[in-house]
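Biologist: Could we go through this model together? I would like to begin with the overall picture and then turn to particular helices and residues.

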Amino acid sequence: MSLKPTFQRWYGRHHKARVTLGRLFTNMATLETINFDNKVLRTLPVDTSEENHPRQVRGACFSLVKPTPLANPNTVAYSKSAFELLDLPEKEILRDDFAEYFSGSKHIPGSKTAAHCYCGHQFGYFAGQLGDGATMYLGEVVNKKGERWEIQFKGAGKTPFSRSADGRKVLRSSIREFMCSEAMYFLGVPTTRAGCCVTSDSRIERDINYDGNSILEKCTVILRIAPTFLRFGSFETVLPMSPESGRKGPSDGRKDITEALLQYTITEFFPEIAQSHADSLEDQSLALMDEVVRLTAKLVTEWQGVGFCHGVLNTDNMSILGLTIDYGPFGFLDAFHKDHICNASDGNGRYTYGKQPEICKWNLSKLAQAIQMVLPLEKSKPAVEKFDEIFNQLYMQKMRRKLGMVKEEDGDKELVESFLQTLQEVHGDFTNSFRSLSIMSLPGCCDFKDNYEAVLTELVAQGSSVEELKKFYKPTMHPRELQMIMMLLQSNPQVVEMMFGGNLAYQKQMEKMEKMEEIRNLTDDDKKKSDKEKWEAWLQKYSERLEREEEGLSKEEVEDLNMRRVDMMNKTNPKFILRNYIAQNAIEAAENGDYSEVKRVLKLLETPYSESIHLGELTAKPEEGSSAVTDEQVASSSSSPSMEAASTLKQSLKSITGMAYDGRPPSWAADLRVS
């Protein structure tokens, strides 16, 4: 008697058994045998209705949905290391049908698509229900290490939370999120990952400049990966009516929803808390708040350290695990300004680079309010108040590493602040200026004088030109408009708040006008002379501080310490970041069907702290009249201090447009606007 038919029936019914058998000898999955275990849908309440139209979803954390297929999907790029988290080898990614699976056009066996219901405080006001309007939970993958990874589609179609939108994302925004997710991971910043970017022949209308001139753009889907995408806003669905906005959560007053979310979060992602406070959910929730405060402080420390500006720090964009999530109008600092705004829609400057720590703390206070039915505010408030102390300690640790200081001194904060103040005054490049400090030797080293002059020259070179300064300080309002605002501020300030963003927007415009008047007759020579004097003053203080690093050491010990501090600095100050203009070059090439620049930039960003980058076959073709640069030349340049080697390195790291990836951005980069 043959057992084959019986086995086939059993084999076809049980996906988990099929996964186990399929991976028994390979330890790797196929697209058909990904090891899904969709625990969150078994644990948290799921919407009983499957109607897929805009509606309030009450009493549920998820709504079941289905992705909308795309026409002729094709893969733009993928992250091999991200897919390894799911046990998917590269040969599976290179399959002809891969793009169908990861565009939502073909069902991935074992997945169960759903949209998450959450709320949020947006730009300071409670917005009520938001939810996954363009994102879909696919499931949770348990890999061979026992790690659990939630995966999502972004841009796969409409959900009950899409409101008036279409649930789609376009190629340009998808490339930005895909590349930045991976860039942040390799920078060492806590982040969600991105597995792939898949575009299509399907088109959707978008008004890029919000001027009524819509264009058709390619529908694109990215795969996002994280332990969970639960956020502060996940807990805000129970909030009552806000007196300021008139909005409330769809599950207002539902303590059982709060309890379910807290229990799931603590059990799954903070098991040590569950074990140590097993008898009290209130005690567990307090320990959770302590941990979320710490993780959030660590996250924003890392942002400040690499000059990252999130752009939309609403509570619905704050991960409960302290991860960077929801990459939208983000940006890395070019010329440093603490009030840099990367989001063109943030007219009031709520989410500037310098305000990010303050806003993160504010968001933590909103999380505390959201869970107060379980954890009273009088108990959670002290946990939130610890944020400043934790952040300041972590921030100074980070800045000491960036400046190459091993010892701790009381005056270090002033030294850091004076560096940033000088950097802002000269309008110097944030990334390159910090990186250049590793040129500076300890005063006791034999090459100190030469390297002092070299770092001074480099710092001056990283300052903006007068033309760039004038572009930066050019007012965006006409003088007549400013005069009208000034009159309204005296007679009807509420109108100014509604129409122009309030008094702060007016003050910023006036400051720009004053600055423009100051630099009206400034020449580049005058600016360089002034910049040099400012840097000499700071380097004098820096040298004195470095002298105290070597106190009590022999000459050999000083040289050894210098090597270690330079290594520490170069592992903390990146050489390569995803600047807006680099992303823009990759996007423009991709929109014309050339994905090589996306892949090249992704490869570059995998080693952001290295002088030695091996692009291999992805190396950009040399400009006419120049010769190609080999990987061997690049590798040798990283260990040689010669100008010739440095020049070779610069040649090898040029983009598709011929611009160096690690150089100061071109002047046109200042005109890029992301919203």
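Biologist: What should I know about the model before we start?

Modeller: The model is predicted, so local features need pLDDT of at least 70 and side-chain atom pairs count only at pLDDT 80 or more, while totals for chains, interfaces and linings use all residues. Residues are numbered from 1 along each chain as its sequence is written, and side-chain values use heavy atoms, with hydrogens and water left out.

Biologist: How many helices and strands does the protein have?

Modeller: The protein has 26 helices and twelve strands. These are DSSP runs numbered from the N terminus, with helices being H or I of at least four residues and strands being E of at least two.

Biologist: And what percentage of the residues count as buried?

Modeller: Of the 675 residues, 53% count as buried. Buried means under 20% relative accessible area, exposed means over 50%, and partly exposed lies in between, with a 1.4 Å probe and protein chains only.

Biologist: Among contacts between residues at least 6 apart in sequence, what share joins residues at least 24 apart?

Modeller: That share is 70%. A contact means heavy atoms within 4.5 Å.

Biologist: Let us turn to the helices. How do α10 and α11 cross?

Modeller: The axes of α10 (residues 281-306) and α11 (residues 356-370) come within 10 Å and cross at roughly 160°. Axes are lines fitted to C-alpha atoms, for helices over the stretch in contact, and angles run from 0 to 180 degrees between N-to-C directions. The two helices are therefore roughly antiparallel to each other; angles over 145 degrees count as roughly antiparallel, under 35 as roughly parallel, 65 to 115 as roughly perpendicular and the rest as oblique.

Biologist: Which residues meet there?

Modeller: On the α10 side they include M289, V293 and W303, and on the α11 side they include C360, L364 and L367. By class, this contact has ten nonpolar, three polar and no charged residues. Ala, Val, Leu, Ile, Met, Phe, Trp, Tyr, Cys and Pro count as nonpolar, Asp, Glu, Lys and Arg as charged, and the others, Gly among them, as polar.

Biologist: What about α14 and α21?

Modeller: The axes of α14 (residues 412-426) and α21 (residues 524-547) come within 10 Å and cross at roughly 170°. That makes α14 roughly antiparallel to α21. Their contact has seven nonpolar, two polar and seven charged residues.

Biologist: Where does A383 sit, and what does it touch?

Modeller: A383 is in helix α12 (residues 377-385). Leaving aside residues up to four places away in sequence, A383 touches L286, M289, D290 and V293. A383 is buried, with a relative accessible area of 2%.

Biologist: Now a strand residue. Is T220 buried or exposed?

Modeller: T220 is buried, at a relative accessible area of 0%. T220 lies in strand β10 (residues 215-226), and its C-alpha atom is separated by 6.3 Å from that of G155, 65 residues apart along the chain. Residues touching T220, not counting those up to four places away in sequence, include K154, G155, V170 and C197.

Biologist: Lastly, what is the phi of D87?

Modeller: Phi of D87 is near 65°, a positive value in a residue other than glycine. D87 lies in the loop between α4 (80-84) and α5 (90-93), and at 2% relative accessibility D87 counts as buried.

Biologist: And where is D326?

Modeller: D326 is in the loop between β11 (308-309) and β12 (331-332). D326 has a positive phi of about 60° although it is not a glycine, and at 14% relative accessibility D326 counts as buried.
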